[in-house]
Amino acid sequence: MMTPHIEAASDAFAKTVLMPGDPLRAKFIAEHYLDNVKQVNQVRNMLAYTGTYQGVPVSVMGSGMGMPSIGIYSWELFTVYEVEHIIRIGSCGAYSPELNLYDVLLADRVFSETTFGTVQNGDPNPFRSPSPELNQRLIQSAHALSLPLKTGTVHSCDVFYRENSQDFQRILHTHQALAVEMEAFALFHNAQVLGKHAACLLTVSDSLVTAEAASPEARQTAFTRMMDIALHSIANA
Ligand SMILES: O=P(O)(O)O[C@H]1O[C@H](CO)[C@@H](O)[C@H]1O
Ligand SMILES: O=c1cc[nH]c(=O)[nH]1
């Protein structure tokens, strides 16, 4: 075992890793998109695979839910496996009435009340940013594939079930956060601290404004758009 959480050999990962929260979404991508696939991790069922997409090496690994989990996996990938780029591909809940179910959103800034940064290296700044280069490539890929892509601030939240379900209005208006998810802040923080590159693409799976939620079937189709954009950006880097 190379780390307490990843059993893969030191050269098992490609330089770019796609990270959905759900390890089964990682399996889906490996099975439907990649060639020459090898499973490289199953510790704690946090499945990881390496293969090629249009001839370019790429890995895909689940991050689990929440900042402690992605904080561990992204740190180990960046420091032990010499991974250079991590693109999170996740689901999010819409705060903005202008976001519809299945829209794909690229985070250009992340806000969080988490203590992750303060505890990790004493940085209390509640905002983190993605890699401008990765974001530019993702925007170009969406354009090349004629897939609509929105950009904006995302809220990374430590709590999924909040007592006050309308609290999102405050965060929308105070920080212009268009949607909520639970990992991007820690991923961007680790990338910044380690001099690596990270980005976050999200598909709207539900709306806190309208209380609509995507069906499981629709989620799969809609999520493939985000996967297409991410994989195209890797193949055309
Ligand atoms: O779909 P994923 O990538 O897991 O992302 C979102 O879904 C989970 C909550 O249901 C959290 O991990 C949140 O960030
Ligand atoms: O973190 C998340 C993801 C999807 N929907 C939510 O409400 N929260």
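**Notes on the predicted model: fold and core**

1. Let's start with the contact pattern. In this predicted model, residues 24 or more positions apart account for 74% of the chain's contacts with a separation of 6 or more.

2. Next, the overall build. Seven helices and ten strands make up the secondary structure of the chain. Its radius of gyration is 17 Å, close to the 18 Å from the globule rule for 237 residues, so the chain is as compact as a globular protein of that length. Along the principal axes, the C-alpha atoms fill a box of roughly 45 × 40 × 30 Å.

3. On burial, 49% of the 237 residues count as buried. The largest nonpolar core has 74 residues, and those touching the most other members are Val17, Leu105, Val154, Ala179, Leu201 and Ala230. Helix α7 (residues 216–235) gives the most to this core, contributing seven residues.

4. Leaving aside residues up to four places away in sequence, Val154 touches Cys92, Ala107, Val110, Ala177, Leu178, Ala179, Glu181, Ala184, Cys200 and Leu202. One of these, Ala179, is also among the core residues that touch the most other members.

5. Finally, confidence. The chain has a mean pLDDT of 96, with 99% of its residues at 70 or more, and the model scores ipTM 0.98 and pTM 0.98.

Note on methods:
Residues are numbered from 1 along each chain as its sequence is written. Chains are lettered from A and ligands numbered from 1 in the order in which they are written. This is a predicted model: local features need pLDDT of at least 70, side-chain atom pairs count only at pLDDT 80 or more; totals for chains, interfaces and linings use all residues. A nonpolar core is a set of buried Ala, Val, Leu, Ile, Met, Phe, Trp, Tyr and Cys residues joined through C-beta atoms within 7 Å. A residue is buried if 20 or more other C-beta atoms lie within 10 Å of its own, exposed if 12 or fewer, and partly exposed in between; C-beta atoms are placed from the backbone. Helices (H or I, at least four residues) and strands (E, at least two) are DSSP runs, numbered from the N terminus. Two residues are in contact if their C-beta atoms, placed from the backbone, lie within 7 Å. pLDDT is the predictor's confidence in each residue, from 0 to 100. The radius of gyration is taken over C-alpha atoms; the globule rule is 2.2 Å times the number of residues to the power 0.38.
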